[in-house]
Amino acid sequence: MTRRSEADRTAREVDGSGVAEALSRGPGRLLIAVYGVFALAATARAVFQIATKFSEAPLAYTLTAIAALVYVFATVSLSRSGPRWFWLSFAAVGVEFIGVLAVGTLSIVDPVLFPADTVWSVYGRGYGFVPLILPVLGLWWLYRHRAVARVS
């Protein structure tokens, strides 16, 4: 890549016109796809659990629905352009990370609270710990593209 094309690309990213392009290129595209898969999986799981056996574990199934909403919002926000979407993505992925840590810890410390697993139980053990790894990767990816957020 020449210095001129690299400077043009950086200018597009900073002025907001290339934000979605920058975030959704290469590994960003894969990140958005994984968030989309988790959005679908968590939504389907929450709908099924709430519709068929909500009374068995209302807290766990409600947390799964919350996780689904967070994944849907993260998927949408990561695929949008502009500084506002960047910060909304950062918030969504941050909430996801805090949720995974909180629910994961609570599910180990007080398993009675969770008679059934959530997406985030034991840090996402039921999903190969991807729910724990995904927000770390998401925050890292957003950090790499933080110049976009400096534009108001």
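Helices (H or I, at least four residues) are DSSP runs, numbered from the N terminus. This is a predicted model, where local features need pLDDT of at least 70, side-chain atom pairs count only at pLDDT 80 or more, and totals for chains, interfaces and linings use all residues. Residues are numbered from 1 along each chain as its sequence is written, and side-chain values use heavy atoms, leaving out hydrogens and water.

**View 1. Helix α3 meets helix α6.** Here α3 (residues 27-53) packs against α6 (residues 130-144) at about 145°, with axes 11 Å apart; axes are lines fitted to C-alpha atoms over the stretch in contact, and angles run from 0 to 180 degrees between N-to-C directions. Touching residues (heavy atoms within 4.5 Å) include L31, Y35 and F38 of α3 and L134, L137 and W141 of α6. The contact has 11 nonpolar residues, 2 polar and no charged. Ala, Val, Leu, Ile, Met, Phe, Trp, Tyr, Cys and Pro count as nonpolar, Asp, Glu, Lys and Arg as charged, and the others, Gly among them, as polar.

**View 2. The lining of the largest pocket.** Look for L30, I133 and W140 among the lining residues. A pocket is an open set of points on a 1 Å grid where a 1.4 Å probe fits, with protein on both sides within 12 Å along at least five of seven lines; lining residues have an atom within 4 Å of a point. Helix α6 gives the largest share of the lining, 6 residues. By type, the lining splits into 10 nonpolar, 1 polar and no charged.

Conventions:
Helices (H or I, at least four residues) and strands (E, at least two) are DSSP runs, numbered from the N terminus.
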